[in-house]
Amino acid sequence: MNIFSTPLTSLKGIGEKRAEDFEKMDIRSLYDLLYYFPSRYQDRQVFLNIASLTNGDEACVKCFIKSPVRMVRVRKMTIANAVAEDETGSIKVVWYNNRFIDKQIKTETPYIFYGKVTKGKSGLQLTNPVVEKGENEGESTGKIIPVYRRIASVPQKVIRSAITSALEYSKELLFSTIPKQVEEKYNIMSVFDALTQIHFPENEEMLVKARQRFLFEDFFLLQTAMGKLRKREREEGIKFGDTNVDGFLLKLPFTLTDAQQRVISEIRGDIVKGKCVKRLVQGDVGSGKTVVGMCACFMALSNGYQSAFMAPTEILAKQHFENFKKLMPYARVGLLTSSVKKKEKNVTLEALANGEIDVIVGTHALIQDNVKFKKLGMIIADEQHRFGVVQRQKLIEKGDNPHILVMTATPIPRTLSLIMYGDLNVSVIDTLPPGRQEIKTFLLSESYRQRAYGFVKKTIDEGGQAYVVCPLVDESEVLDLKNAVNFAENLRKEMPDVTVGLVHGKMKEEEKNKVMQSFKDGETDILVSTTVIEVGVDVPNATLMVIENAERFGLSQLHQLRGRVGRGDKQSYCIAFAKTSNALTLERLKIFESSTDGFYISEEDLKLRGPGDFFGTRQSGVPLIESISGEIDTEILYAARNAVEDLKDKKISVTDTERKIINFMINRKFFDEHLKNILN
C-alpha cells in the first residue's frame, strides 16, 4: 500500500458516498488529498473588541447574544438577525440561508464570532460569521485556518478533518522527492512538516517555509526532467545553405521593425554556425512575433525542409493559416485541427508525409502519432507556455533534430527566463510596429458603471467593437464576482440594439469558435467572455476592453487581456473595474493603469507576487504572505537549479531508492507513455 493507491475510504469518516464527492474534483487517493492545497487562508488569530471594529475588518470577537435570534423569510432566502455585545459595545449579526442558527445560538452564553465587518443600512454588522463556543476556543478560532476550493457538497470542516486524518495515516507512507542530502544542504523543510504546515500553518513564517519547499520541489523535478530530454538533443543542427530571407521580406506589405530584424539575424546566426536553433522569442502583444516565425519557415522552405507551426487554440491556428496563405502564397500550406473533417484530414496527412506540404499549421493535433513528416526542419511553438515539455518533445521526435523556436507574448522577467530557459537563447522583440497607438487604461470603481456603459455604447455607435471579460462563467454562491452568463444577459437588456456574444471555457469548441468568428467578422458588437480570449484572434476593429473584478487577475494576465485591443490603427481603451481596499492589490492595479510596457509590468509583478504565477506553482489568494518579496522566491528557484547541477556533477550523492523516487515522480508529473519509452 502507498499514498498513490490508498483510497480515501481508508480514512476515518469517509464512506463511499463522501469518496464520490471528492472524486468529482479528481481526488481519489491519499496523495491527491494531501496535495489538494488551500486556495487561501483566514487569519483568525486577530481578536478585537466591538468598539474598535471598522468596515472591512476580518476578526474574532468574544461576545454574548442578549436576546434570541430572529428569523425572517424574504422570498427564497432565510435571514437571521441578532445583536452581539461585549463590554465595549454592541453590533448587529446577520446570517443568510442558515436555517438552524436560531437553534444553535443560546442567550447569555459566551461565543467567539469570526467574520467580516460590513456596512449595513443600520450601521456596521458582522455578516455570516463562524460561531464557536467560548469554552471551545482554539478549535476553529485563534489560529490560521485553511480555505479550500469547493468540493461538491463537502463542507470546509469535513475537508479539513479528512486532511487531518490523511496526514496521520500517511506518516509511515510518505516519501520525499528531494534527496536527503539536498534537503540538508539547502535547508528544505521535510515533506511531512511541509504538508502539515501548508494545510495547518502554525504561523506565517512556517507557511512561507512550507510553500518554499513545494516551489523548490516542483522546480527541482522540472529541471531534472528537462535535463533528461536535453541528453537526447544534439548541439549540431540541420544545415541550411541559404538563410537569405529577402525574398520573403520584399513581398511583405509592411516593413519590419529593427527589433524584428535583429531577432531574425540572431536565428540566422545560429544556423550559419551549424547550431541547432533553440530560441525563446519574447515579444509584447502586437510586436510581430508571428512574422519572425514565418521568416524561419521561409528559411526551411528555401532549403527543401518542412515546417510545423503549432498554436494553442483552433481559432488562432486558423488565423496563422490564413496569414501564411496571404504572406507566403508560393508555399504549400496545410491545416490540422480537431475540427478538420476526416476526409480532408487524411488528404492533408498523406500530402505531409509525401513532402507535398511545406508548412503545416495546427493545434496539439500535430503531435498525434498519425502525423508524419518527410523532412521536418523547423518547429514554431506559439504561446509556448500553453504547451508542455512533452508536447513540444513529441513534435521534435517527428524530425531529425529540427530547429525550434518557442514564442510567447507573456513577458518573462529576465531573472526568471535565465532560470527557466537556461538552455535556450533568448531573443526579445521590444518595439511595436509603427502606427500602433498606446492603449489608454482607466482603473474605475463601481460608481463609474453607468458612465462606462455610455462609453461602451459610444464605441459601438462609432463602428467599434468591445470585449468584456469576467472572472467567472456562472453565478457563485460564495464569491461576489461578475459572471459572464449573467453579465451578457444584463448587457442585452441595458443595450437592446447592440449585438452581444458570449464565450467561455465550458462551451464546446465548435460553438466557441463560431462565436469568436462572428465577433471577428464584425457581426457581434460586444463579446462577453472569460479569459479564454487571453490568447485569441486579431480583431483590428475591437478598440475597447472592459475587465470586471480586475483585482482577481495577475498583472501579466491583465496586460495580456488588454493586448486583445489596439491591434489596428484606431485609438484603443481599456477599462478595469476593481472592488478592493487591499493596499497591495491597489498598488498592482495602479502599475497596470500607468504602464503598457509588458516587461516592466512583469518585473513589477515578480517583485509584488513572486515567481509562482509564471510557473503555475503558486496557490491563489494567500493574503498572509503577499508581503514576501520576489527575491526570496527567486533564490529558491536558483537553489533548486543548483541542486540539479550538484547531482549532475556528483557533488551530492543519491541513493538508488531516491533516484527511483525522482524518476517515478518525473514520469508521473511530466511524461506520458510515449516519452517514458523514449527515455527509459
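These exercises, each with a worked solution, concern a predicted model.

**Exercise 1.** Determine how helix 11 and helix 17 are oriented relative to each other, and which residues make their contact.

*Solution.* Begin with the axes: those of helix 11 (residues 314-327) and helix 17 (residues 509-520) come within 10 Å and cross at roughly 50°. Next, list the residues of the contact, which are Glu314, Ile315 and Gln319 on the side of helix 11, and Glu509, Asn513, Met516, Gln517 and Lys520 on the side of helix 17. Sorted by class, this contact has 2 nonpolar, 3 polar and 3 charged residues.

**Exercise 2.** Decide whether Gln465 is buried or exposed, and find which backbone oxygens lie by its side chain.

*Solution.* First place the residue: Gln465 is found in strand 17 (residues 465-469). Its relative accessible area is 3%, and since buried means under 20%, Gln465 is buried. Then turn to the side chain of Gln465, which reaches the backbone oxygen of Phe519 at 2.8 Å, while the backbone oxygen of Thr524 lies 2.7 Å from a polar atom of that side chain. Beyond its neighbours within four places in sequence, Gln465 is in contact with residues including Thr459, Ile460, Gly522, Val539 and Leu544.

**Exercise 3.** Describe the accessibility of Val83 and its surroundings.

*Solution.* Val83 lies in strand 4 (residues 77-86), and at 36% relative accessibility it counts as partly exposed. Leaving out residues up to four places away in sequence, Val83 touches Phe64, Ile65, Lys66, Ser90 and Ile91. Finally, Val83 and Ser67, although 16 residues apart in sequence, are 7.3 Å apart from C-alpha to C-alpha.

Technical notes:
Residues are numbered from 1 along each chain as its sequence is written. This is a predicted model: local features need pLDDT of at least 70, side-chain atom pairs count only at pLDDT 80 or more; totals for chains, interfaces and linings use all residues. Side-chain values use heavy atoms; hydrogens and water are left out. Axes are lines fitted to C-alpha atoms, for helices over the stretch in contact, and angles run from 0 to 180 degrees between N-to-C directions. Helices (H or I, at least four residues) and strands (E, at least two) are DSSP runs, numbered from the N terminus. Contact means heavy atoms within 4.5 Å. Ala, Val, Leu, Ile, Met, Phe, Trp, Tyr, Cys and Pro count as nonpolar, Asp, Glu, Lys and Arg as charged, and the others, Gly among them, as polar. Buried means under 20% relative accessible area, exposed over 50%, partly exposed in between (1.4 Å probe, protein chains only). A polar contact is a pair of N or O atoms within 3.5 Å; within protein, one must be able to donate a hydrogen and the other to accept it, and residues adjacent in sequence count only if both atoms are side-chain atoms.
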